[in-house]
Amino acid sequence: MTNRAEKIINDALSTLINKFTEIDKISQYNTEKVLNAFAKNNIGSRHFAPSNGYGYDDVGRDTLETLFSDIMHTESSIVRPQIASGTHALSLCLFGLLRYGDNCISATGAPYDTLQTVIGISGNEPVSLKNLGINYKQVELINDCEIDIDGVVNAIDENTKLIMIQRSKGYSSRSSILPSQMADFITTIKKLDKNIIVMVDNCYGEFVCVDEPSDYGADIIVGSLIKNLGAGLAPTGGYISGKQKYIDLIAAHLTAPGLGKELGSYEASYRLFYEGLFLAPHVVAQSLKIAMLFSEVFSNMGYRVFPDNTTDRSDIVQAIQFDDENMIIKFCQIIQSSSPIDSYAIPEPWDMPGYDNKIIMASGSFVSGSSIELSADAPIRKPYTVYFQGGLTLEHGIFALKNLLIQLIK
Ligand SMILES: *Cc1c(COP(=O)(O)O)cnc(C)c1O
(Lines give C-alpha, C1' and ligand atoms only; values in the text may rest on other atoms or scores of the structure.)
Protein backbone atom coordinates (compact mmCIF):
# COMPACT_ATOMS: atom_id res chain seq x y z
CA MET A 1 0.00 0.00 0.00
CA THR A 2 2.89 2.34 0.68
CA ASN A 3 3.87 2.12 -2.98
CA ARG A 4 0.30 2.64 -4.13
CA ALA A 5 -0.10 5.65 -1.85
CA GLU A 6 3.13 7.11 -3.19
CA LYS A 7 1.96 6.58 -6.74
CA ILE A 8 -1.39 8.29 -6.07
CA ILE A 9 0.45 11.25 -4.55
CA ASN A 10 3.05 11.47 -7.32
CA ASP A 11 0.35 11.35 -9.99
CA ALA A 12 -1.52 14.15 -8.29
CA LEU A 13 1.68 16.20 -7.94
CA SER A 14 2.32 15.82 -11.68
CA THR A 15 -1.20 17.01 -12.47
CA LEU A 16 -0.66 20.05 -10.27
CA ILE A 17 2.66 21.24 -11.73
CA ASN A 18 1.17 24.27 -13.49
CA LYS A 19 -0.94 25.22 -10.50
CA PHE A 20 2.12 25.02 -8.27
CA THR A 21 4.02 27.29 -10.66
CA GLU A 22 1.22 29.84 -10.25
CA ILE A 23 1.53 29.59 -6.48
CA ASP A 24 5.31 30.05 -6.72
CA LYS A 25 4.79 33.24 -8.74
CA ILE A 26 2.48 34.68 -6.08
CA SER A 27 4.97 33.71 -3.39
CA GLN A 28 7.80 35.36 -5.34
CA TYR A 29 5.77 38.55 -5.76
CA ASN A 30 4.83 38.72 -2.08
CA THR A 31 8.37 37.92 -0.96
CA GLU A 32 9.63 40.87 -3.00
CA LYS A 33 6.90 43.06 -1.53
CA VAL A 34 8.09 42.07 1.96
CA LEU A 35 11.81 42.47 1.18
CA ASN A 36 11.30 45.89 -0.39
CA ALA A 37 9.52 46.99 2.79
CA PHE A 38 12.35 45.56 4.92
CA ALA A 39 14.88 47.55 2.88
CA LYS A 40 12.82 50.73 2.95
CA ASN A 41 12.64 50.56 6.75
CA ASN A 42 16.34 49.68 7.17
CA ILE A 43 15.54 46.68 9.32
CA GLY A 44 18.53 45.70 11.45
CA SER A 45 19.18 43.55 14.46
CA ARG A 46 18.48 46.54 16.73
CA HIS A 47 14.79 46.06 15.89
CA PHE A 48 14.79 42.69 17.62
CA ALA A 49 15.75 44.22 20.97
CA PRO A 50 13.35 43.59 23.85
CA SER A 51 11.71 46.35 25.85
CA ASN A 52 9.99 46.50 29.21
CA GLY A 53 7.83 48.71 31.37
CA TYR A 54 5.68 51.21 29.47
CA GLY A 55 7.57 50.56 26.26
CA TYR A 56 7.87 54.24 25.23
CA ASP A 57 9.85 54.59 22.00
CA ASP A 58 10.05 50.83 21.53
CA VAL A 59 11.78 50.81 18.15
CA GLY A 60 11.14 47.10 17.53
CA ARG A 61 7.42 47.52 18.03
CA ASP A 62 7.06 50.81 16.14
CA THR A 63 9.11 49.66 13.16
CA LEU A 64 7.27 46.34 12.93
CA GLU A 65 4.04 48.34 12.66
CA THR A 66 5.44 50.64 9.97
CA LEU A 67 6.71 47.63 8.06
CA PHE A 68 3.23 46.11 8.16
CA SER A 69 1.65 49.29 6.83
CA ASP A 70 4.13 49.35 3.95
CA ILE A 71 3.40 45.73 3.05
CA MET A 72 -0.39 46.10 3.33
CA HIS A 73 -0.39 49.56 1.68
CA THR A 74 -2.12 51.18 4.63
CA GLU A 75 -1.56 54.33 6.69
CA SER A 76 -1.10 52.77 10.09
CA SER A 77 -1.00 49.41 11.88
CA ILE A 78 -1.20 47.81 15.29
CA VAL A 79 0.89 44.61 15.37
CA ARG A 80 1.39 43.27 18.85
CA PRO A 81 1.96 40.26 21.03
CA GLN A 82 -0.59 41.78 23.44
CA ILE A 83 -3.34 41.00 20.93
CA ALA A 84 -4.15 37.49 22.11
CA SER A 85 -5.87 36.11 18.99
CA GLY A 86 -7.71 36.93 15.79
CA THR A 87 -10.98 37.23 17.70
CA HIS A 88 -9.34 39.69 20.09
CA ALA A 89 -8.12 41.82 17.19
CA LEU A 90 -11.56 41.82 15.54
CA SER A 91 -13.27 42.56 18.85
CA LEU A 92 -10.90 45.50 19.50
CA CYS A 93 -11.93 46.99 16.16
CA LEU A 94 -15.65 46.61 16.75
CA PHE A 95 -15.58 48.01 20.28
CA GLY A 96 -13.12 50.74 19.26
CA LEU A 97 -15.14 51.96 16.29
CA LEU A 98 -18.81 51.44 17.17
CA ARG A 99 -20.88 53.57 19.57
CA TYR A 100 -24.33 53.38 21.14
CA GLY A 101 -27.01 53.55 18.46
CA ASP A 102 -24.70 52.63 15.60
CA ASN A 103 -25.62 49.89 13.16
CA CYS A 104 -23.20 47.39 11.75
CA ILE A 105 -23.77 44.99 8.89
CA SER A 106 -22.07 41.74 7.94
CA ALA A 107 -21.96 41.59 4.13
CA THR A 108 -20.89 37.93 4.08
CA GLY A 109 -23.66 36.28 6.10
CA ALA A 110 -23.04 34.77 9.51
CA PRO A 111 -19.59 35.64 10.85
CA TYR A 112 -17.07 33.26 12.39
CA ASP A 113 -18.40 31.51 15.51
CA THR A 114 -16.41 33.44 18.11
CA LEU A 115 -17.54 36.77 16.63
CA GLN A 116 -21.16 35.82 17.09
CA THR A 117 -20.55 35.98 20.85
CA VAL A 118 -18.79 39.36 20.49
CA ILE A 119 -21.70 40.77 18.49
CA GLY A 120 -24.33 39.16 20.73
CA ILE A 121 -25.95 36.96 18.06
CA SER A 122 -25.24 33.93 20.20
CA GLY A 123 -24.08 33.38 23.75
CA ASN A 124 -25.21 35.46 26.66
CA GLU A 125 -22.18 37.45 27.70
CA PRO A 126 -22.68 40.54 29.85
CA VAL A 127 -20.50 42.45 27.37
CA SER A 128 -21.42 42.33 23.71
CA LEU A 129 -22.11 44.88 20.99
CA LYS A 130 -25.80 44.17 21.44
CA ASN A 131 -25.66 44.93 25.18
CA LEU A 132 -23.97 48.24 24.41
CA GLY A 133 -26.86 49.25 22.17
CA ILE A 134 -25.17 48.54 18.86
CA ASN A 135 -27.44 47.00 16.24
CA TYR A 136 -26.44 44.23 13.89
CA LYS A 137 -27.78 42.93 10.60
CA GLN A 138 -26.41 40.41 8.17
CA VAL A 139 -26.88 40.05 4.44
CA GLU A 140 -26.41 36.58 2.96
CA LEU A 141 -24.14 35.95 0.00
CA ILE A 142 -25.70 35.32 -3.40
CA ASN A 143 -25.39 31.60 -4.20
CA ASP A 144 -23.01 31.29 -1.27
CA CYS A 145 -20.25 32.91 -3.30
CA GLU A 146 -20.83 36.58 -4.07
CA ILE A 147 -21.53 39.69 -1.99
CA ASP A 148 -25.11 40.89 -2.51
CA ILE A 149 -24.28 44.54 -3.23
CA ASP A 150 -27.92 45.63 -3.64
CA GLY A 151 -28.93 43.71 -0.54
CA VAL A 152 -26.31 45.49 1.56
CA VAL A 153 -27.14 48.89 0.06
CA ASN A 154 -30.79 48.29 1.01
CA ALA A 155 -29.77 47.33 4.53
CA ILE A 156 -27.88 50.60 5.05
CA ASP A 157 -29.61 53.38 6.99
CA GLU A 158 -28.48 56.70 8.48
CA ASN A 159 -27.04 54.92 11.54
CA THR A 160 -24.92 52.45 9.60
CA LYS A 161 -21.36 52.94 10.77
CA LEU A 162 -19.51 49.81 9.77
CA ILE A 163 -19.71 46.95 7.29
CA MET A 164 -17.82 43.72 7.86
CA ILE A 165 -16.55 41.37 5.19
CA GLN A 166 -15.18 37.97 6.17
CA ARG A 167 -12.72 36.90 3.48
CA SER A 168 -12.40 33.24 4.46
CA LYS A 169 -15.28 30.82 4.52
CA GLY A 170 -14.12 29.73 7.98
CA TYR A 171 -15.94 26.54 8.88
CA SER A 172 -18.84 26.95 6.49
CA SER A 173 -19.54 25.62 3.02
CA ARG A 174 -19.64 28.97 1.24
CA SER A 175 -16.88 30.24 -1.06
CA SER A 176 -14.13 32.48 0.19
CA ILE A 177 -14.12 35.99 -1.22
CA LEU A 178 -11.17 37.18 -3.29
CA PRO A 179 -9.84 40.68 -2.55
CA SER A 180 -10.58 41.64 -6.18
CA GLN A 181 -14.19 40.52 -5.67
CA MET A 182 -14.50 43.08 -2.86
CA ALA A 183 -13.51 45.96 -5.16
CA ASP A 184 -16.90 46.81 -6.69
CA PHE A 185 -18.64 46.39 -3.40
CA ILE A 186 -16.28 48.75 -1.56
CA THR A 187 -16.47 51.32 -4.37
CA THR A 188 -20.27 51.25 -4.23
CA ILE A 189 -20.36 51.69 -0.45
CA LYS A 190 -17.82 54.52 -0.53
CA LYS A 191 -19.79 56.35 -3.24
CA LEU A 192 -22.91 56.06 -1.14
CA ASP A 193 -21.22 57.28 2.06
CA LYS A 194 -17.47 57.52 2.41
CA ASN A 195 -17.78 57.56 6.20
CA ILE A 196 -19.09 54.02 6.40
CA ILE A 197 -16.16 51.92 7.60
CA VAL A 198 -15.40 48.76 5.64
CA MET A 199 -13.63 46.27 7.88
CA VAL A 200 -12.29 42.98 6.55
CA ASP A 201 -11.66 39.87 8.63
CA ASN A 202 -8.56 38.83 6.69
CA CYS A 203 -7.82 35.67 8.73
CA TYR A 204 -6.33 32.85 6.63
CA GLY A 205 -6.22 35.09 3.55
CA GLU A 206 -2.93 36.99 3.84
CA PHE A 207 -0.47 36.39 0.97
CA VAL A 208 -2.74 33.85 -0.74
CA CYS A 209 -3.11 36.38 -3.58
CA VAL A 210 -0.86 39.22 -4.78
CA ASP A 211 -3.37 41.75 -3.50
CA GLU A 212 -5.03 42.37 -0.15
CA PRO A 213 -8.43 43.93 0.63
CA SER A 214 -6.61 47.15 1.62
CA ASP A 215 -5.59 47.51 -2.04
CA TYR A 216 -9.27 47.99 -2.91
CA GLY A 217 -10.17 50.59 -0.32
CA ALA A 218 -10.98 48.47 2.74
CA ASP A 219 -10.56 50.82 5.70
CA ILE A 220 -9.37 48.20 8.16
CA ILE A 221 -7.98 44.67 7.72
CA VAL A 222 -7.57 42.33 10.66
CA GLY A 223 -5.93 39.00 11.39
CA SER A 224 -3.98 36.67 13.64
CA LEU A 225 -0.21 36.19 13.79
CA ILE A 226 -0.51 32.49 14.58
CA LYS A 227 -2.02 32.08 11.13
CA ASN A 228 -0.54 33.17 7.78
CA LEU A 229 1.57 36.19 8.69
CA GLY A 230 3.46 34.57 11.55
CA ALA A 231 4.61 31.67 9.33
CA GLY A 232 4.66 29.39 12.38
CA LEU A 233 7.40 31.50 13.99
CA ALA A 234 5.48 34.31 15.68
CA PRO A 235 4.67 32.95 19.14
CA THR A 236 1.38 34.89 19.54
CA GLY A 237 -0.26 38.14 18.46
CA GLY A 238 -2.62 39.82 16.05
CA TYR A 239 -2.68 42.77 13.69
CA ILE A 240 -5.00 45.58 12.68
CA SER A 241 -4.02 47.71 9.68
CA GLY A 242 -5.75 50.56 7.88
CA LYS A 243 -6.67 54.24 7.90
CA GLN A 244 -4.89 56.33 10.51
CA LYS A 245 -8.05 57.83 12.03
CA TYR A 246 -9.59 54.42 12.64
CA ILE A 247 -6.37 52.88 13.93
CA ASP A 248 -6.15 55.78 16.43
CA LEU A 249 -9.65 55.02 17.75
CA ILE A 250 -8.85 51.32 18.05
CA ALA A 251 -5.51 52.05 19.75
CA ALA A 252 -7.31 54.21 22.32
CA HIS A 253 -9.44 51.18 23.10
CA LEU A 254 -6.43 48.80 23.08
CA THR A 255 -4.52 50.74 25.75
CA ALA A 256 -6.33 53.87 27.00
CA PRO A 257 -7.58 57.14 25.54
CA GLY A 258 -4.58 59.46 25.35
CA LEU A 259 -2.09 56.60 25.37
CA GLY A 260 -2.91 54.78 22.14
CA LYS A 261 -0.02 53.12 20.32
CA GLU A 262 2.68 54.76 22.48
CA LEU A 263 2.47 52.05 25.12
CA GLY A 264 3.20 48.35 25.12
CA SER A 265 6.44 46.52 25.81
CA TYR A 266 7.71 43.03 25.08
CA GLU A 267 10.61 41.56 26.97
CA ALA A 268 11.22 38.70 24.58
CA SER A 269 12.84 39.50 21.25
CA TYR A 270 10.77 40.79 18.33
CA ARG A 271 12.93 38.72 15.99
CA LEU A 272 10.34 35.96 15.43
CA PHE A 273 7.72 38.49 14.30
CA TYR A 274 10.12 39.92 11.71
CA GLU A 275 11.39 36.54 10.62
CA GLY A 276 7.83 35.17 10.44
CA LEU A 277 6.79 38.03 8.19
CA PHE A 278 9.79 37.37 5.96
CA LEU A 279 8.90 33.66 5.65
CA ALA A 280 5.13 34.12 5.43
CA PRO A 281 4.77 34.25 1.61
CA HIS A 282 6.70 30.99 1.28
CA VAL A 283 4.90 29.22 4.12
CA VAL A 284 1.49 30.30 2.80
CA ALA A 285 2.54 28.85 -0.57
CA GLN A 286 3.47 25.57 1.14
CA SER A 287 0.09 25.33 2.84
CA LEU A 288 -1.71 26.16 -0.41
CA LYS A 289 0.16 23.36 -2.19
CA ILE A 290 -0.83 20.93 0.56
CA ALA A 291 -4.48 22.04 0.32
CA MET A 292 -4.44 21.56 -3.46
CA LEU A 293 -2.77 18.17 -3.20
CA PHE A 294 -5.36 16.91 -0.69
CA SER A 295 -8.14 18.41 -2.80
CA GLU A 296 -6.84 16.63 -5.90
CA VAL A 297 -6.35 13.24 -4.28
CA PHE A 298 -9.64 13.11 -2.37
CA SER A 299 -11.68 14.42 -5.28
CA ASN A 300 -10.11 11.76 -7.55
CA MET A 301 -11.34 9.21 -5.02
CA GLY A 302 -14.87 10.55 -5.35
CA TYR A 303 -15.16 12.69 -2.22
CA ARG A 304 -16.67 16.15 -2.40
CA VAL A 305 -13.97 18.76 -1.81
CA PHE A 306 -14.29 22.51 -1.51
CA PRO A 307 -12.69 24.35 -2.97
CA ASP A 308 -11.79 22.13 -5.90
CA ASN A 309 -8.71 22.89 -7.95
CA THR A 310 -10.54 24.85 -10.61
CA THR A 311 -11.40 27.61 -8.12
CA ASP A 312 -9.18 30.63 -7.41
CA ARG A 313 -8.30 30.39 -3.75
CA SER A 314 -8.56 33.28 -1.33
CA ASP A 315 -7.61 31.41 1.85
CA ILE A 316 -5.69 28.34 2.99
CA VAL A 317 -8.69 26.35 4.28
CA GLN A 318 -9.58 23.08 2.53
CA ALA A 319 -12.73 21.09 3.24
CA ILE A 320 -13.39 17.43 2.46
CA GLN A 321 -16.82 15.87 2.91
CA PHE A 322 -16.85 12.22 4.03
CA ASP A 323 -20.54 11.61 4.91
CA ASP A 324 -19.32 9.36 7.70
CA GLU A 325 -18.66 10.21 11.33
CA ASN A 326 -15.92 7.61 11.76
CA MET A 327 -13.99 8.87 8.76
CA ILE A 328 -13.75 12.44 10.03
CA ILE A 329 -12.65 11.24 13.47
CA LYS A 330 -9.99 8.96 11.95
CA PHE A 331 -8.90 11.74 9.59
CA CYS A 332 -8.18 14.08 12.50
CA GLN A 333 -6.46 11.33 14.48
CA ILE A 334 -4.15 10.53 11.55
CA ILE A 335 -3.32 14.23 11.05
CA GLN A 336 -2.44 14.31 14.75
CA SER A 337 -0.26 11.18 14.64
CA SER A 338 1.52 12.64 11.58
CA SER A 339 2.42 15.84 13.47
CA PRO A 340 5.85 16.77 14.82
CA ILE A 341 4.49 17.60 18.30
CA ASP A 342 2.14 15.46 20.43
CA SER A 343 1.97 12.76 17.76
CA TYR A 344 1.19 10.27 20.56
CA ALA A 345 -2.00 12.13 21.55
CA ILE A 346 -5.31 10.79 20.25
CA PRO A 347 -7.85 13.58 19.73
CA GLU A 348 -11.50 12.85 20.62
CA PRO A 349 -14.70 14.79 19.87
CA TRP A 350 -15.61 17.09 22.76
CA ASP A 351 -18.17 19.72 23.75
CA MET A 352 -16.31 22.92 23.06
CA PRO A 353 -17.76 26.02 24.75
CA GLY A 354 -19.72 28.11 22.28
CA TYR A 355 -20.42 25.34 19.78
CA ASP A 356 -23.67 23.39 19.31
CA ASN A 357 -22.06 20.12 18.22
CA LYS A 358 -19.13 18.16 19.47
CA ILE A 359 -15.89 19.09 17.71
CA ILE A 360 -12.74 17.10 17.07
CA MET A 361 -9.50 18.98 16.56
CA ALA A 362 -6.05 17.86 15.50
CA SER A 363 -3.16 20.21 16.12
CA GLY A 364 0.32 18.90 16.74
CA SER A 365 1.93 22.31 16.43
CA PHE A 366 5.02 24.03 17.82
CA VAL A 367 2.96 27.13 18.63
CA SER A 368 -0.10 26.08 20.59
CA GLY A 369 -3.27 26.33 18.50
CA SER A 370 -1.37 27.65 15.49
CA SER A 371 -3.33 26.86 12.35
CA ILE A 372 -0.69 27.88 9.82
CA GLU A 373 0.82 24.59 10.99
CA LEU A 374 -0.92 21.47 9.68
CA SER A 375 -4.17 21.18 11.60
CA ALA A 376 -7.69 19.80 11.11
CA ASP A 377 -11.08 20.35 12.71
CA ALA A 378 -14.42 18.68 12.22
CA PRO A 379 -17.76 19.43 13.85
CA ILE A 380 -19.49 16.09 14.50
CA ARG A 381 -22.57 16.78 12.40
CA LYS A 382 -23.87 16.06 8.94
CA PRO A 383 -22.59 16.26 6.24
CA TYR A 384 -19.48 15.17 8.18
CA THR A 385 -16.93 17.53 6.74
CA VAL A 386 -13.31 17.94 7.76
CA TYR A 387 -11.75 21.40 7.50
CA PHE A 388 -8.02 21.49 7.45
CA GLN A 389 -5.39 24.10 6.84
CA GLY A 390 -1.75 24.91 7.12
CA GLY A 391 1.43 22.96 6.93
CA LEU A 392 4.83 24.61 7.14
CA THR A 393 6.37 22.32 4.54
CA LEU A 394 4.91 20.44 1.58
CA GLU A 395 6.94 17.43 2.74
CA HIS A 396 4.95 17.33 5.97
CA GLY A 397 1.69 17.50 4.01
CA ILE A 398 2.79 14.62 1.79
CA PHE A 399 3.75 12.56 4.84
CA ALA A 400 0.33 13.11 6.44
CA LEU A 401 -1.46 12.35 3.17
CA LYS A 402 0.48 9.13 2.75
CA ASN A 403 -0.57 8.06 6.24
CA LEU A 404 -4.17 8.96 5.47
CA LEU A 405 -4.16 6.89 2.31
CA ILE A 406 -2.62 3.89 4.03
CA GLN A 407 -4.59 3.98 7.27
CA LEU A 408 -7.89 5.62 6.32
CA ILE A 409 -8.58 4.63 2.74
CA LYS A 410 -6.61 1.33 2.70
C1 LIG B 1 -9.32 32.05 12.90
C2 LIG B 1 -10.36 32.99 12.48
C3 LIG B 1 -10.88 33.95 13.35
C4 LIG B 1 -10.54 34.04 14.80
O5 LIG B 1 -9.25 33.81 15.11
P6 LIG B 1 -8.76 33.22 16.51
O7 LIG B 1 -7.34 33.57 16.45
O8 LIG B 1 -9.03 31.77 16.52
O9 LIG B 1 -9.48 33.95 17.58
C10 LIG B 1 -11.81 34.83 12.86
N11 LIG B 1 -12.23 34.76 11.59
C12 LIG B 1 -11.78 33.84 10.74
C13 LIG B 1 -12.30 33.80 9.33
C14 LIG B 1 -10.82 32.92 11.15
O15 LIG B 1 -10.36 32.01 10.30
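View 1. Helices (H or I, at least four residues) and strands (E, at least two) are DSSP runs, numbered from the N terminus. Residues are numbered from 1 along each chain as its sequence is written, and side-chain values use heavy atoms, with hydrogens and water left out. Because the model is predicted, local features need pLDDT of at least 70 and side-chain atom pairs count only at pLDDT 80 or more, while totals for chains, interfaces and linings use all residues.

View 2. Five strands in the order β8-β9-β12-β11-β10 form an open sheet with antiparallel pairing. Its edge strands are β8 (304-306) and β10 (359-363), each of which pairs on one side only. Neighbouring strands of this sheet are turned by 15° against each other on average, direction ignored; axes are lines fitted to C-alpha atoms, for helices over the stretch in contact, and angles run from 0 to 180 degrees between N-to-C directions. Helix α9 (residues 271-300) packs on the sheet and touches β8, β9 and β12, its direction making about 20° with that of β9; contact means heavy atoms within 4.5 Å. Helix α10 (residues 325-337) also packs on the sheet, touching β9, β10, β11 (375-379) and β12, and its direction makes about 160° with that of β11.

**View 3. D324 in the loop between β9 and α10.** D324 lies in the loop that links β9 and α10. D324 is partly exposed, with a relative accessible area of 33%, on a scale where buried means under 20%, exposed over 50% and partly exposed in between (1.4 Å probe, protein chains only). From C-alpha to C-alpha, D324 and T2 are 24 Å apart in space, and they are 322 residues apart in sequence.

**View 4. The packing of α2 against α9.** Helix α2 (residues 17-40) and α9 pack at an angle of about 170°, with their axes 9 Å apart. The two helices are therefore roughly antiparallel to each other, since angles over 145 degrees count as roughly antiparallel. Among the contacting residues are F20, I23, V34 and F38 in α2 and L277, F278, P281 and L288 in α9. The residues of this contact divide into twelve nonpolar, four polar and three charged; Ala, Val, Leu, Ile, Met, Phe, Trp, Tyr, Cys and Pro count as nonpolar, Asp, Glu, Lys and Arg as charged, and the others, Gly among them, as polar. The buried residues of α2 are F20, I23, S27, N30, T31, K33, V34, A37 and F38, and what covers them includes α1 (2-15), α3 (59-72), α9 and α11 (394-409). Just after α2, N42 takes a positive phi of about 50°.

**View 5. The open seven-stranded sheet.** Seven strands in the order β1-β7-β6-β5-β4-β2-β3 form an open sheet with mixed pairing. At the edges stand β1 (76-80) and β3 (135-138), each with a single partner strand, so one side of each is left without a neighbour in the sheet. Within this sheet, β6 (residues 220-224) and β7 (residues 238-242) pair in the antiparallel sense over five bridges, and I221 stands opposite S241 in β7. Helix α4 (residues 86-97) lies across β4 (160-166), β5 (197-201), β6 and β7, running at about 150° to β6.

Definitions and conventions:
Pairing = 2+ DSSP bridges. Parallel < 35°, antiparallel > 145°, perpendicular 65-115°, else oblique.
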